[in-house]
Amino acid sequence: MAASGLPRRLFLQGVAAVYALAFASLYTQIPGLYGAEGILPARRTLRPQGKGRWRQLWETPTLLWEAPQLGLDTAQGLELLSLLGALLALGALLLRPLCNLFVYLLLWAAYLSACQVGQVFLYFQWDSLLLETGFLAVLVAPLRQPPRHKQTPQSGLAGASPHEALPFWLVRWLLFRLMFASGVVKLTSRCPAWWGLTALTYHYETQCLPTPASWFAHHLPVWLHKLSVVATFLIEIAVPPLFFAPVRRLRLVAFYSQVLLQVLIIVTGNYNFFNLLTLVLTTALLDDGNLTAEADSGRCRKTPTSAWPRSLLALLALLLECTVYGLLAYGTVHYFGLEIDWEQLAVHSTTTFTFHQFSQWLKMVTLPTMWLGVVSLGWELLTAFWRWTQVRGWLRKLCTAVQLFIFGTATVALFVISLVPYSYIEPSTHGRLWTGAHRLFGTVEHLQLANSYGLFRRMTGLGGRPEVVLEGSYDGQHWMEIEFMYKPGNLSRPPPIVAPHQPRLDWQMWFAALGPHSHSPWFTSLVLRLLQGREPVIRLIQNDVEKYPFHKQPPTYVRAQRYKYWFSHPGEQSQWWRRQWVEEFFPPVSLGDPLLDTLLRQFGLQSNLHPQDKSPPRARSSGNALAQALRWIRKQLSPLEASTLLWGLLTAVGAIRGMQALLGPRPPHASPVAKEEKHRLAPKKHCGPAGKAAAPAPDNCSGSVQASRRKK
C-alpha cells in the first residue's frame with residue numbers, strides 16, 4: 001500500500017520522452033516512405049468507401065481523414081501530425097500544466113493515426129507497445145495539475161485520490177506480459193539456437209543494426225554466451241512473477257534485473273526507443289520509498305522490541321525472500337545443468353528438459369499467472385476502496401466515488417481484454433478463456449489497446465547474416481554498390497550507433513533478406529523509385545545526397561544481390577565484416593521493363609508508383625499557407641541526419657531540465673524549532689510503542705509526520 005506518486009510522475013515523463021523521439025524519428029522519414037514520390041504513398045491507404053463519417057472513423061481510426069479540410073494531402077497531414085505530436089510530447093515533458101489526461105489522449109490518438117497509414121514500415125512490436133503504453137498513460141495522467149504549493153512532497157501528482165494506483169497497476173501487468181511472453185516464445189518456437197543455449201553466439205552479428213560493442217560481445221567465450229542465455233531465460237520467465245510479490249525487496253530485485261537486461265541490449269544493439277520504453281514500464285515496480293531518502297527514515301524503521309507483530313512480519317518476509325532466492329538458484333542449476341570447470345575457469349550449461357516437458361509446464365502455469373493478476377488486481381481494488389472510506393466530506397466522497405467507479409471499471413475492462421492476447425502463448429488456455437473476453441477484445445482490437453508480444457522468437461542467420469546489397473549501372477556491365485547509412489554494407493565501416501532513431505527502410509531491408517523479394521512487395525517500389533531518381537527515397541539511403549553514387553543522374557539499371565556477412569576476426573586490420581556472395585536477389589531491371597511492370601501490377605502498386613499516375617486528384621496545397629510552412633520546416637531540417645537530430649533533441653531536453661532544476665522554486669526548509677518539535681513528537685506518537693490514546697499507525701512514517709503537523 002506504499003504511495004506511488006513519484007513513480008507515476010516518472011512514468012508519465014518517460015512516456016512523453018518516448019513519444020517525442022518516436023514522432024521526431026518518423027517525421028524525418030515521411031517524404032521517402034509515404035510522400036507522393038515515396039516507396040508506399042500514404043494516399044493509397046485512405047480512400048472513402050461511401051460509409052458514414054463516424055463509421056469510417058471507427059473502422060479506420062485516424063485524424064488524417066481531416067487532412068483535406070486543411071488543404072493537405074495524406075503525407076502532409078502525417079507530417080503535421082508528427083510535428084505537433086513531437087512538440088506536444090516535449091511540452092508534457094518540460095511543462096507541468098501539460099502533463100495531464102487530455103495531452104496524453106492527443107498523443108495516443110496522433111500515434112494511432114500514424115500507424116493506420118504506416119503500412120509495413122509501422123508494423124513493429126514496439127509501435128504496438130507504445131500505443132498500449134500510451135493509452136495507459138491516458139488513465140494514469142491526472143485530469144489537471146494542481147498548483148505546486150498544493151502538491152504534497154510524497155504525491156508527485158494530483159493529490160492522493162483513491163483510484164490513482166489502479167491504472168498504474170496495469171503498467172506492471174503490461175510489463176509482466178511483455179517479458180514473460182518474450183521468454184516463453186523463445187522455447188515454444190523450438191528454435192535450436194535457444195534450446196542449445198547458443199543463440200547469443202549468432203545474435204550480435206545477425207541482429208538488424210549492431211553497434212560497435214556488438215563486435216566485442218560476439219568474440220566473448222562461448223561458455224559466457226551460453227550462460228548469458230540462461231540468465232535471459234531467468235530474467236524473462238522466472239523473475240516476472242516477482243513483479244507482484246508482497247515484499248518490496250523482491251520487487252526491487254525484479255526491477256534491477258530488468259534494468260540490467262535492457263541496458264545490455266541498448267549497449268549491444270540499435271533498437272530505437274524500444275528498450276527505453278521498457279525501462280519506462282519498470283517504474284511500475286517502484287514506490288515513493290524507492291525514490292526518496294528522508295532524514296527520518298532510519299529512525300522510523302527501527303522497530304521497537306514490543307511491536308512483535310511487525311517483527312513477525314519482517315521475519316516472514318525474510319523467510320519468503322530466502323525461499324524465493326533458493327528456488328531460483330536451484331531451478332537454474334538443475335534445469336540448465338550448470339557446472340563449474342575450475343581448470344578452465346568456465347561455467348558449462350546445457351538444457352536438461354525437453355520441449356514436451358516445457359509445454360506441460362506452460363499449460364500448468366499460464367492460467368495461474370492469470371489468476372495471479374486477478375488476485376493482485378483484487379488487492380488493488382480493495383486498497384482503493386479502503387482509501388475511499390477514509391475520505392472526509394460528503395461532496396468530496398461523492399466525487400472520489402465517481403472517479404473510483406470510472407477508473408476501476410476501465411482497469412478491470414482493460415485487464416480482461418489483455419487476457420486474450422496474453423493467452424496466445426498457450427493455445428489450450430486461449431481456447432478455455434471466457435467468451436466475453438474474446439468478444440470484448442474483438443470489439444476494440446483495431447484500437448490496439450492490448451497486444452501480444454514475443455521478441456526474438458527465432459534466431460536467424462545461423463549460417464551467416466543474410467544481407468541484400470543494391471547495385472546500379474548505366475550500361476548493365478559495370479555495377480556500383482548503393483551503400484546505406486546504417487545497415488551493414490561496406491566491410492571496413494564500423495557499425496553505427498543509431499538509437500533512439502529507427503531507420504525503418506534499413507529495418508525492412510533486414511527482413512527482406514530473410515526470404516525472396518516477392519515476400520517484400522515494397523522492395524519493387526524501392527527499385528522503381530531509384531530508377532526514377534526520387535530524392536526523398538535517396539535521402540532514406542544517404543541523407544547527404546552527394547554520397548549517393550548516382551546523385552547526378554539516376555541509374556539505367558538496378559539489381560540486388562544477396563550476401564552472407566560475418567563479423568571479422570580479431571586482428572584483421574580495418575575490417576569489421578567478412579562477406580560471401582550467395583545469389584541474385586532481384587534481377588536487373590530498367591524503366592519500362594516488362595518484368596518491373598508485371599511485378600508492380602502483381603502487388604497492386606502500379607497506379608500509385610508509375611510516372612503516369614492515374615489516381616484521383618487531391619486538394620491542391622501549393623498555395624496553402626500551412627503547406628508552405630510544412631515545406632519550409634522540412635527544408636530547414638532536411639540537412640540534419642535523423643540520428644543527429646534526435647540526439648540534439650535529447651541534449652536540449654537535458655539542458656532545459658537541468659536549468660529547471662537549478663532555477664526552479666525550492667521547498668521551504670523547516671525552522672530548527674519545528675524540526676526539534678517534529679523529532680520529539682514523531683517517535684513518541686507514531687514510531688514508538690502504541691499508547692492508549694494513540695491513533696493507529698499508518699504504513700509509513702512520513703504520513704505520521706504530516707498528521708502531527710496538521711494537528712499542530
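A charge counts as sitting over a ring if NZ of Lys or CZ of Arg is within 6 Å of the ring centre and within 35 degrees of the ring normal. Keep that in mind as we walk through this predicted model.

**First stop: charges over rings.** Select R559 and W479: R559 lies over the face of W479, 4.1 Å from the ring centre. Then jump to R634 and Y27, where the charged end of R634 sits over the ring of Y27 at 3.9 Å from its centre.

Switch to a cartoon view and find the open sheet, built from four strands in the order 4-3-5-6 with antiparallel pairing. Strand 4 (480-482) and strand 6 (577-589) each have a single partner strand, so one side of each is left without a neighbour in the sheet. Neighbouring strands here are turned by 35 degrees against each other on average, direction ignored. Now colour strand 5 (residues 557-567) together with strand 6: nine antiparallel bridges join the two.

Show the aromatic side chains; the structure holds 47 aromatic pairs. Zoom in on F567 and W577, whose ring centres are 4.5 Å apart with planes at 25 degrees, so the pair is stacked. This pair links distant parts of the chain, with F567 in strand 5 and W577 in strand 6, 10 residues apart. Are these two residues buried or exposed? Both F567 and W577 are buried.

**Last stop: a ring cluster.** Select W194, W195, F233, Y335, F336, F353, F355, F358 and W361, and you will see a cluster linked by ring pairs.

How values were computed:
Residues are numbered from 1 along each chain as its sequence is written. This is a predicted model: local features need pLDDT of at least 70, side-chain atom pairs count only at pLDDT 80 or more; totals for chains, interfaces and linings use all residues. Side-chain values use heavy atoms; hydrogens and water are left out. Two strands pair if DSSP finds at least two bridges between them. Axes are lines fitted to C-alpha atoms, for helices over the stretch in contact, and angles run from 0 to 180 degrees between N-to-C directions. Rings of Phe, Tyr and Trp (its six-membered ring) pair if their centres lie within 6.5 Å; planes under 30 degrees apart count as stacked, over 60 as edge-to-face and the rest as tilted. Buried means under 20% relative accessible area, exposed over 50%, partly exposed in between (1.4 Å probe, protein chains only).
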